[in-house]
Amino acid sequence: MAYYYLVSQLPNISVSDSKSALPMTGPQFLEVCSRFVTEKEKAVLEKLSLVPDRILSKTGSAFLDTWYEKERNLRFALAQIRAQKMKKEAYTLPEGCTADIIAAARTAVGMDSPLSAEQFLFDYRLRLLDDLRPLDGFSIDAVYAYGLRLMLIERMRKFEVENGQISYHKIYDDILINDMETK
């Protein structure tokens, strides 16, 4: 089914303009979509997430299933590399974890600044989303892709340098203290 009218209702969201407000929020996106999609598609839209389940389940969309698998693999790769860096046990990587995902995780973990690592991962995820985006710009998968892109941009805009550094040092110190207590 084509969603010409719905897609034409969705404003362009720019990644580069981080100073101005987004033309649409997540809740507004859901409200606009709810007028045009089926109940099943609406349920999928309401469950859109940047954090996939540890155990993959089918969404009914090949696009979303692929996105969630790649995001899940990236998260497992990040966890494993961080654990190895701290000389701790880690989950084994899923079978579908490709070399580019592992390389992205290694690059992010190797960065000195957590904010720089988040920016790198944000850019990586946007490129991945663009690579996976359906050719039919008026399909429900295009609407799902728009929702994920909006969520990624909203998430990235929440980062603040000063608060992030304070939080990072607190979390890192807590990890070190807990590690010393277990030895």
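Trainee: Which residues does Pro94 touch, not counting residues up to four places away in sequence?

Mentor: Pro94 touches Arg72, Asn73 and Phe76, where a contact means heavy atoms within 4.5 Å. This is a predicted model, in which local features need pLDDT of at least 70 and side-chain atom pairs count only at pLDDT 80 or more, while totals for chains, interfaces and linings use all residues. Residues are numbered from 1 along each chain as its sequence is written, and side-chain values use heavy atoms, with hydrogens and water left out.

Trainee: Where is Pro94 found, and is Pro94 buried or exposed?

Mentor: Pro94 is in the loop between H4 and H5, and it counts as buried because its relative accessibility is 16%. Buried means under 20% relative accessible area, exposed means over 50%, and partly exposed lies in between, with a 1.4 Å probe and protein chains only. The C-alpha atom of Pro94 is also 8.8 Å from that of Ala77, although the two residues are 17 apart along the chain.

Trainee: How far does H4 reach from its first C-alpha to its last?

Mentor: H4, residues 62–85, reaches 35 Å with its 24 residues, close to the 34 Å expected at 1.5 Å a residue; the expected span is 1.5 Å times one less than the number of residues. Lys87, which follows H4, has a positive phi near 55 degrees.

Trainee: Stepping back, how many helices and strands does the protein chain have?

Mentor: The secondary structure comes to eight helices and zero strands, where helices (H or I, at least four residues) and strands (E, at least two) are DSSP runs numbered from the N terminus. Of the 183 residues in the protein chain, 36% are buried, and residues 24 or more positions apart account for 63% of the contacts with a separation of 6 or more.

Trainee: OK, at what angle do H5 and H6 pack?

Mentor: The angle is about 160 degrees, with the axes 9 Å apart; axes are lines fitted to C-alpha atoms, for helices over the stretch in contact, and angles run from 0 to 180 degrees between N-to-C directions. H5 is therefore roughly antiparallel to H6, given that angles under 35 degrees count as roughly parallel, over 145 as roughly antiparallel, 65 to 115 as roughly perpendicular and the rest as oblique.

Trainee: And which residues make that contact?

Mentor: Asp100, Ile101, Ala104, Thr107 and Ala108 of H5 meet Ala117, Phe120, Leu121 and Tyr124 of H6. By class, this contact has seven nonpolar, one polar and one charged residues, with Ala, Val, Leu, Ile, Met, Phe, Trp, Tyr, Cys and Pro counted as nonpolar, Asp, Glu, Lys and Arg as charged, and the others, Gly among them, as polar.

Trainee: What does Met111 touch in the loop between those two helices?

Mentor: Leaving out residues up to four places away in sequence, Met111 touches Ser116, Ala117 and Phe120. Met111 counts as partly exposed because its relative accessibility is 29%.

Trainee: Which helices do the buried residues of H6 pack against?

Mentor: They pack against H4, H5 and helix H7 (140–157), and among the buried residues of H6 are Ala117, Leu121, Tyr124 and Leu128.

Trainee: Last one: how do the axes of H2 and H3 cross?

Mentor: The axes of H2 (residues 26–34) and H3 (residues 39–46) come within 10 Å and cross at roughly 175 degrees, which makes H2 roughly antiparallel to H3. Phe29, Leu30, Cys33 and Ser34 in H2 meet Lys42, Leu45 and Glu46 in H3, a contact with four nonpolar, one polar and two charged residues.
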